[in-house]
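Me: I have a model open and would like to talk it through before I set anything up. Can we go over it piece by piece?

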Amino acid sequence: MIAQSIRVRLTASFFLIIVITLGVFGVYVLNLFYDQSLSNMRNTLTTHAKHTEYQLRQLSHNYADESQLPELVRQIGGNLPFDFELIDHRGRIIAQSNDALQSDADQSDWPETRAALVGKVGFHIRSDANLGGNAYFVAVPAGDYTTVPFALRVSASLSGVDNSFQHIRNVLFVALLLTSIISLIISLKLARYLTRPLEKITSV
């Protein structure tokens, strides 16, 4: 009876240690993957935004004529794999690469826009109707670096990242389930092996 009680406790202890360790490791891997994916997307969008802003600044002669900007934005946007918008210092969209985009007139409340209009690179994740789900927005200052009259903003859907995250999560869940079953079997055998001398003593 004593040996059986000890065996149950040992089995439970070994099993919980293995499952909790694997569970914590799985959560760590998932979070690491998601954070790294977001970091890569942020860096890629920032590079695209800065390069696009440079092109626009050169073509517009440092934004000399605001009336030409909508056409220049559409012209540049036709050669890019993403959409972008030009926002003035009041937060209004004055030009966009895709006329089909539906956006609120006032963009001044969004964190990425506020950051760009004070000379910083801004980031924000939120749901977007144009992209059909969560999207990553990156805005960069657009100007001659002494003044920032505009913010140039690019965005990309997070559906690819979210789908990959869900796939890895499902794979890890199945792996954890299978590992738990194997761990339970190993824990039972290990506990039986460790308590065998005690059983012999108590059976005398």
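This is a predicted model: local features need pLDDT of at least 70, side-chain atom pairs count only at pLDDT 80 or more; totals for chains, interfaces and linings use all residues.

Me: Where is the confidence lowest, and where is it highest?
Reply: Confidence is lowest in α4, where the mean is 77, and highest in strand β4, residues 133-142, where the mean is 93.

Me: OK, the layout then. How many helices and strands are there, and in what order do the elements run?
Reply: The protein chain has four helices and five strands, and from the N terminus on the elements follow the order α-α-β-β-α-β-β-β-α.

Me: And how much of the chain is buried?
Reply: Of the 204 residues, 34% count as buried, while the chain exposes about 12,300 Å², of which carbon and sulfur atoms supply 61%. As for contacts with a separation of 6 or more, residues 24 or more positions apart account for 57% of them.

Me: Let's go to the strands. Which strands does β1 pair with?
Reply: β1, residues 84-88, pairs with β5, residues 150-157, in the antiparallel sense over five bridges, and Phe84 stands opposite Val154 in β5. β1 also pairs with β2 in the antiparallel sense, over three bridges, and here the bridge partner of Glu85 in β2 is Gln96.

Me: What about the turn in the hairpin of β1 and β2?
Reply: Four residues lie between the strands of that hairpin, and Gly91 takes a positive phi near 90°.

Me: Which way do the β1 side chains point, and are they buried or exposed?
Reply: Phe84, Leu86 and Asp88 point one way, Glu85 and Ile87 point the other way, and all are buried. In a regular strand the side chains alternate between the two faces of the sheet. For β1 as a whole, five of its five residues are buried, so that the strand is described as mostly covered by the cut-off of under 20% relative accessible area.

Me: Moving along, which strands does β4 pair with?
Reply: β4 is joined to β3, residues 122-128, by seven bridges, and the two run antiparallel; one of the facing pairs is Gly122 opposite Ala139 in β4. β4 also pairs with β5 in the antiparallel sense over eight bridges, where Ala142 stands opposite Phe150 in β5.

Me: And how many residues of β4 are buried?
Reply: Eight of the ten residues of β4 are buried, and the strand is mostly covered. In the hairpin that β3 and β4 form, with four residues between them, Gly132 in the turn has a positive phi of about 70°.

Me: Which residues other than glycine have a positive phi?
Reply: His61 is one of them, with phi near 55°, and Asn62 is another, with phi near 60°. Most residues other than glycine have a negative phi.

Me: Where do those two sit, and how accessible are they?
Reply: His61 is found in the loop between α1, residues 2-59, and α2, residues 69-77, and Asn62 lies in the loop between α1 and α2 as well. His61 counts as exposed because its relative accessibility is 62%, whereas Asn62, with a relative accessible area of 34%, is partly exposed.

Me: What is Gln107 in contact with?
Reply: Leaving aside its neighbours within four places in sequence, Gln107 is in contact with Ile87, Gly91, Ile93, Thr113, Arg126 and Arg153. Of these, Ile87 is also one of the buried residues of β1, and Gly91 is the residue with positive phi in the hairpin of β1 and β2.

Me: Last one. Which residues form the nonpolar patch on the surface?
Reply: Phe173, Val174, Leu177, Leu178, Ile181 and Ile185 form it, with about 590 Å² of accessible area together. Val174 is found in helix α4, residues 159-203, and counts as partly exposed because its relative accessibility is 44%.

Methods. Residues are numbered from 1 along each chain as its sequence is written. Side-chain values use heavy atoms; hydrogens and water are left out. Patches are made of residues with over 30% relative accessible area and no salt bridge: like charges are joined within 9 Å, nonpolar side chains (Val, Leu, Ile, Met, Phe, Trp, Tyr) within 5 Å. Accessible areas come from the Shrake-Rupley method with a 1.4 Å probe; for residues, only the protein chains shown count as cover. A salt bridge is a side-chain nitrogen of Lys or Arg within 4 Å of a carboxyl oxygen of Asp or Glu. Buried means under 20% relative accessible area, exposed over 50%, partly exposed in between (1.4 Å probe, protein chains only). Contact means heavy atoms within 4.5 Å. pLDDT is the predictor's confidence in each residue, from 0 to 100. Two strands pair if DSSP finds at least two bridges between them.
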